[in-house]
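Please keep the sequence and the structure in view while reading.

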Amino acid sequence: MSLLQNLEIGFATALTVQNLTLAFVGCFLGTLIGVLPGLGPLATMAMLLPLTYYFPPESALILLAGIYYGAQYGGSTTAILVNLPGESSSAVTFIDGPQMARNGRAGSALAIAALASFGAGTIATVVVALFAPALSVVTLYFSPADSFSLMLFGLVGAPALSSGSQLKSVGMVLLGILLGLIGIDINSGAQRFTFGSVELLDGIEFVPLAIGIFGLADILSNLMRGSEAGKDVLTSRITRLWPTREEFSRAWPAALRGTGIGSVLGILPGGGALLSSFASYTLEKKISKTPERFGKGAVEGVAGPEAANNAGAQTSFIPMLTLGIPSNAIMAIMIGALMIQGIAPGPQVMTQRPELVWGLIASMWIGNIMLVVINLPLVGLWVSLLRIPYSILFPAIVVICCIGAYSVSNSSFDILLAAVLAFLGFLFIRYECPPAPLALGFILGPMMEENFRRAMLL
């Protein structure tokens with residue numbers, strides 16, 4: 001069948017009342033869990049997985065997909081307003097996003113993030129529709145050695161994320177790798193850096209680490225500077241809720257470049273949305289004529305990574321739809337939803353169940369429009385959080401952070417861990433050690449080790 005015939009089948013599937021409703025529910029839930037720190041799409045999708053048994057396969061995938069790329073939208077809101085990455089893929093946005101908020105441009109930052117995400121998601125969906133079969137072939141030739149090289153490239157480029165000392169950035173990368181190695185060695189079964197603690201056998205989750213080092217540490221820093229400092233950060237008056245012409249002119253080229261990066265890296269195994277955002281930020285800083293603006297509220301530092309992580313989220317569906325290979329844990333959940341329905345994922349799905357694959361692709365266009373409708377009208381609501389007195393706001397943030405840390409494994413140990421990491425993060429702020437490279441090392445380090453060992457065995 002031709003592309004137009006496939007799209008006709010897809011839109012006929014996606015535009016049914018049930019699927020439109022589930023797409024809206026998924027997008028709204030995704031935005032909500034992206035905004036709330038600690039409530040990630042992976043845990044939410046895992047909890048909702050049993051419910052998909054009661055829906056047709058295409059409806060189940062549309063719901064789960066809406067949660068996934070909706071969370072990419074919502075994660076930027078928390079990163080910009082609360083200086084806390086709601087999702088790991090939003091870890092780059094908090095470099096320049098909160099600085100724009102501090103400069104009275106929170107509305108511009110949120111609007112740019114939403115528009116860049118919409119544009120990138122729309123273009124990436126076109127890429128999925130046009131090039132899914134061809135691009136999926138690339139993953140067949142991507143060996144563990146290639147994956148290791150990509151992870152190593154990401155870590156080597158990490159110091160470029162920092163506007164401070166390059167030596168400190170390298171040290172933070174190494175510390176992040178060490179934190180990521182805590183737990184049980186997957187090959188030998190030996191305990192590493194657990195110090196006899198049973199709770200550390202599974203390692204440190206990203207959520208307590210992000211909440212402690214980025215969220216609670218920032219609160220401690222604001223409190224140490226005094227209430228007026230915190231008030232300036234979170235309650236300064238916003239005079240404009242829409243980007244200026246100059247901001248638009250700086251943002252749209254960065255968004256296009258981020259879309260291109262995300263569209264390519266999204267199909268690669270190992271978390272394309274995350275790698276895409278880091279790669280986009282690094283590129284924007286390298287090609288900028290004024291790199292000193294980055295880290296101080298550069299519009300390109302928000303537009304590029306937000307476009308990249310949304311494009312990467314969309315194109316990560318390519319290996320799942322065409323080969324049945326999950327490129328990340330989210331796609332593994334999607335494959336689990338197919339298997340619950342008795343469908344074996346793989347290349348035959350595109351020919352035997354076109355309404356499933358093309359219905360999902362069509363729903364991505366619809367979902368991106370829904371996300372703009374959900375997010376842009378609420379920009380004023382999110383910005384209004386800045387006018388809440390800091391003495392009232394920071395206890396609420398602490399409570400939300402504790403709930404988010406506890407919800408990871410329903411363990412009070414994660415709250416204690418977040419508190420310890422908060423003190424560590426406060427020391428990083430005090431001695432001007434950038435935390436972003438630590439996050440990159442923490443996430444990529446274990447994946448790099450796994451691919452290195454796999455490559456050596458092969």
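## Basis of the report

The model is predicted: local features need pLDDT of at least 70, side-chain atom pairs count only at pLDDT 80 or more, and totals for chains, interfaces and linings use all residues. Residues are numbered from 1 along each chain as its sequence is written, and side-chain values use heavy atoms, with hydrogens and water left out.

## The whole protein

The protein contains 21 helices and 2 strands. These elements are DSSP runs numbered from the N terminus (helices: H or I, at least four residues; strands: E, at least two). Of the 458 residues, 57% are buried, a term for under 20% relative accessible area with a 1.4 Å probe and protein chains only.

A contact means heavy atoms within 4.5 Å. Among the contacts in the protein with a separation of 6 or more, 79% join residues 24 or more positions apart.

## Helices α11 and α13

Two packed helices are described by the angle between their axes and the distance between the axes. The axes are lines fitted to C-alpha atoms, for helices over the stretch in contact, and angles run from 0 to 180 degrees between N-to-C directions. For helix α11 (residues 245-265) and helix α13 (residues 300-315), the axes come within 7 Å and cross at roughly 30°. The two helices are therefore roughly parallel (angles under 35 degrees; 65 to 115 is roughly perpendicular, over 145 roughly antiparallel and the rest oblique).

Ala, Val, Leu, Ile, Met, Phe, Trp, Tyr, Cys and Pro count as nonpolar, Asp, Glu, Lys and Arg as charged, and the others, Gly among them, as polar.

## Residue S280

S280 lies in helix α12 (residues 272-287). Is S280 buried or exposed? S280 counts as buried because its relative accessibility is 1%. Leaving aside neighbours within four places in sequence, S280 is in contact with G258, I261, G304, P305 and A308. The side chain of S280 also reaches the backbone oxygen of G304 at 3.1 Å.

## Helices α5 and α13

Helix α5 (residues 93-102) and α13 have axes that come within 8 Å and cross at roughly 135°, so α5 and α13 are oblique to each other. Their crossing is left-handed. T93, D96, G97 and M100 of α5 meet G301, V302 and E306 of α13. This contact comprises 2 nonpolar, 3 polar and 2 charged residues.

## Helices α1 and α17

The axes of helix α1 (residues 3-14) and helix α17 (residues 354-375) come within 7 Å and cross at roughly 75°. This makes α1 roughly perpendicular to α17. Among the residues in contact are L3, L7 and F11 of α1 and W358, A362 and W365 of α17. The contact of α1 with α17 has 10 nonpolar, 5 polar and 1 charged residues.

## Residue T31

T31 belongs to helix α2 (residues 17-35) and, at 4% relative accessibility, counts as buried. Beyond its neighbours within four places in sequence, T31 is in contact with G70, A71, G74, L371, I374 and N375.

Conventions. Buried < 20%, exposed > 50% of the residue type's maximum accessible area, 1.4 Å probe, protein only. Polar contact = N/O pair within 3.5 Å; in protein donor to acceptor, adjacent residues only side chain to side chain. Left-handed = near helix turned anticlockwise from the far one by under 90°.
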